[in-house]
Amino acid sequence: MITKISFRDSSLTKNEAIKFARFMKASTSIKEVDVSENKIHNEGVEAILDASIGHPRLEALILESTGASDSVSSHIVSLIKSNSNLKILRLSPIQLKKTSINNINECISKNINIFEPELIATTKN
């Protein structure tokens with residue numbers, strides 16, 4: 001049974017991230033995913049966030065230095081609202097609009113399970 005998957009700094013491509021997201025959705029035993037330091041950009045991050053929404057066991061999602069931007073913010077909000085098991089969420093650095101930062105922070109404050117959020121965002125008007 002696979003519970004932890006790390007592709008940290010493994011030259012994972014956007015298309016591979018999308019394929020991994022499909023696998024992740026079907027693998028309900030996964031508790032931790034780290035795809036940091038891969039330039040999977042918005043499409044790859046969106047696919048992984050979408051696969052994480054409602055995932056029954058996912059506790060840690062680490063998406064640092066992926067090249068994602070503000071277009072993933074609604075996916076982040078959906079994840080935080082729908083995944084009651086999530087305890088760790090790291091998304092830094094990421095460029096977000098101030099309104100997106102506020103929306104995400106508000107959702108995090110309402111999710112009592114997330115004890116290790118890391119959202120170091122640079123603002124974009």
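**View 1. E59 sits in the loop between α2 and β3.** The model is predicted: local features need pLDDT of at least 70, side-chain atom pairs count only at pLDDT 80 or more, and totals for chains, interfaces and linings use all residues. Residues are numbered from 1 along each chain as its sequence is written, and side-chain values use heavy atoms, with hydrogens and water left out. Helices (H or I, at least four residues) and strands (E, at least two) are DSSP runs, numbered from the N terminus. E59 has 28% relative accessibility and counts as partly exposed. Buried means under 20% relative accessible area, exposed means over 50%, and partly exposed lies in between (1.4 Å probe, protein chains only). Beyond its neighbours within four places in sequence, E59 is in contact with K31, N85, L86, K87 and I88. Contact means heavy atoms within 4.5 Å. T99 is 40 residues from E59 along the chain, and the C-alpha atoms of the two are separated by 26 Å.

**View 2. L63 is buried in the loop between β3 (60-62) and α3 (73-82).** Its relative accessible area is 2%. Which residues does L63 contact, leaving aside its neighbours within four places in sequence? They are V35, S36, V45, I48, L49, R90 and L91. The C-alpha atoms of L63 and D34 are separated by 6.3 Å. Along the chain, L63 and D34 are 29 residues apart.

**View 3. Helix α1 covers residues 14-26.** Its 13 residues reach 19 Å from first C-alpha to last, close to the 18 Å expected at 1.5 Å a residue. The expected span is 1.5 Å times one less than the number of residues. A17, F20, A21 and M24 are the buried residues of α1. They lie on the same side of α1, because they cover an arc of only 110° around the axis. The arc is that of the directions from the helix axis to the C-beta atoms. The face turned away from the buried side carries the exposed residues K19, R22 and A26. Cover for the buried residues of α1 includes β1 (4-6), β2 (32-34) and α2 (41-52).

**View 4. α1 packs with α2.** The angle is about 5°, and the axes are 8 Å apart. That makes α1 roughly parallel to α2. Axes are lines fitted to C-alpha atoms, for helices over the stretch in contact, and angles run from 0 to 180 degrees between N-to-C directions. Angles under 35 degrees count as roughly parallel, over 145 as roughly antiparallel, 65 to 115 as roughly perpendicular and the rest as oblique. From α1, the contact uses K14, A17, I18, F20, A21, M24 and K25. From α2, it uses E43, G44, A47, I48, D50, A51 and S52. By class, the residues of this contact are 8 nonpolar, 2 polar and 4 charged. Ala, Val, Leu, Ile, Met, Phe, Trp, Tyr, Cys and Pro count as nonpolar, Asp, Glu, Lys and Arg as charged, and the others, Gly among them, as polar.

**View 5. α2 has 12 residues.** They should span 16 Å at 1.5 Å a residue, and the end C-alpha atoms are 17 Å apart, which agrees. The buried residues of α2 are N42, G44, V45, A47, I48, L49, A51 and S52. What covers them includes α1, β3 and α3. After α2 comes G54, with a positive phi near 75°.

**View 6. α3 packs with helix α4 (residues 98-110).** Their axes are 9 Å apart, at an angle of about 10°. α3 and α4 are therefore roughly parallel to each other. In α3, the residues that meet α4 are S73, I76, V77, I80 and K81. Their counterparts in α4 are S100, N103, I104, C107 and I108. The contact of α3 with α4 has 6 nonpolar, 3 polar and 1 charged residues. The buried residues of α3 are S73, H75, I76, V77, L79 and I80. They pack against α2, β3, β4, β5 and α4.

**View 7. A cis peptide bond joins S92 and P93.** Its omega is about -15°. P93 is found in the loop between β4 (88-90) and β5 (94-97). Most residues other than glycine have a negative phi, and most peptide bonds are trans.

**View 8. S11 and S65 have positive phi values.** Phi of S11 is near 60°. S11 lies in the loop between β1 and α1 and, at 64% relative accessibility, counts as exposed. Phi of S65 is near 55°. S65 lies in the loop between β3 and α3 and, at 25% relative accessibility, counts as partly exposed.
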